[in-house]
Amino acid sequence: QVQLVESGGGTVQAGGSLRLSCAASRHTYIMGWFREAPGKEREFVAGIRWIGASTYYGDSGKGRFTISGDWARNTVNLQMNSLKPEDTAVYYCAAGTKFGYDVSNYDYWGQGTQVTVSS
């Protein structure tokens with residue numbers, strides 16, 4: 001079992017920035033961030049594969065978001081810049097044992113942290 005603890009959510013004005021962090025209780029093959037807005041499906045934002053420290057992004061994370069990881073501390077961060085109201089969602093940290101962009105590729109989930117972007 002892997003416990004994931006997220007932090008860093010909150011409310012910010014459009015154009016602002018937020019940094020989310022996620023601490024895992026042990027290492028896994030990949031870690032990532034998803035988000036779920038009201039009435040929408042959970043979507044992939046960004047992920048990091050520890051082997052080679054390779055990062056990858058979903059459409060929602062390209063360009064304005066940056067994922068980074070600290071192997072020694074077993075944490076991943078999501079730096080979100082130029083935030084827009086449509087970025088408002090609950091953001092979930094996830095960890096898994098196989099590469100992928102889909103929810104089904106991840107076995108462990110955090111409790112979620114709310115991000116609200118006001119216009």
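Helices (H or I, at least four residues) and strands (E, at least two) are DSSP runs, numbered from the N terminus. By that rule the chain has zero helices and eleven strands. Its order along the sequence reads β-β-β-β-β-β-β-β-β-β-β.

The model is predicted: local features need pLDDT of at least 70, side-chain atom pairs count only at pLDDT 80 or more, and totals for chains, interfaces and linings use all residues. Residues are numbered from 1 along each chain as its sequence is written, and side-chain values use heavy atoms, with hydrogens and water left out.

**Overall build**

The C-alpha trace spans about 40 × 30 × 25 Å along its principal axes. The radius of gyration is taken over C-alpha atoms, and the globule rule is 2.2 Å times the number of residues to the power 0.38. For 119 residues a compact globule would come near 14 Å; the chain has 13 Å, which agrees.

Burial is read from relative accessible area: buried means under 20%, exposed over 50%, and partly exposed in between (1.4 Å probe, protein chains only). Buried residues make up 45% of the 119 residues. The chain exposes about 5900 Å², and carbon and sulfur atoms supply 47% of that area. Accessible areas come from the Shrake-Rupley method with a 1.4 Å probe; for residues, only the protein chains shown count as cover.

Contact means heavy atoms within 4.5 Å. Among contacts between residues at least 6 apart in sequence, 56% join residues at least 24 apart.

Charges come next. Lys and Arg count as positive and Asp and Glu as negative; His and the chain ends are not counted. The place of a charge is NZ of Lys, CZ of Arg, CG of Asp or CD of Glu. The chain has 11 positive and 10 negative side chains, and the centres of the two sets lie 5 Å apart.

**Aromatic rings**

Rings of Phe, Tyr and Trp (its six-membered ring) pair if their centres lie within 6.5 Å; planes under 30 degrees apart count as stacked, over 60 as edge-to-face and the rest as tilted. The structure holds eleven aromatic pairs. In one of them, the rings of Tyr56 and Tyr101 have centres 5.3 Å apart and planes at 75°, so this pair is edge-to-face. Tyr56 sits in strand β6 (residues 54–57) and Tyr101 in the loop between β9 (89–96) and β10 (108–109), so the pair ties together parts that are 45 residues apart in sequence. Tyr56 is buried at 6% relative accessible area. Tyr101 is partly exposed at 41%. Both belong to a cluster linked by ring pairs, whose members are Phe34, Phe44, Tyr56, Tyr92, Phe99, Tyr101, Tyr106 and Trp109.

**Positive phi**

Which residue in the loop between β7 (65–70) and β8 (75–80) needs a look? Asn74 is found there. Asn74 has a positive phi of about 55° although it is not a glycine. Asn74 is also buried, with a relative accessible area of 4%. Ser82 is another non-glycine residue with positive phi, near 50°. Ser82 lies in the loop between β8 and β9. Its relative accessible area is 40%, which counts as partly exposed.

**Approaches across the sequence**

| Pair | Separation in sequence | C-alpha distance |
|---|---|---|
| Gly8 and Ser21 | 13 residues | 6.2 Å |
| Ala95 and Gly32 | 63 residues | 6.3 Å |
| Tyr108 and Gln3 | 105 residues | 7.4 Å |

Gly8 is in the loop between β1 (4–7) and β2 (10–13). At 32% relative accessibility, Gly8 is partly exposed. Beyond its neighbours within four places in sequence, Gly8 contacts Leu18, Arg19 and Leu20.

Ala95 belongs to strand β9. Ala95 is buried, with a relative accessible area of 1%. Not counting residues up to four places away in sequence, Ala95 touches Leu4, Thr28, Ile30, Met31, Tyr106, Asp107 and Tyr108.

Tyr108 is placed in strand β10. Tyr108 is buried at 17% relative accessible area. With neighbours within four places in sequence left aside, Tyr108 is in contact with Gln1, Val2, Leu4, Arg26, Cys93, Ala94 and Ala95.
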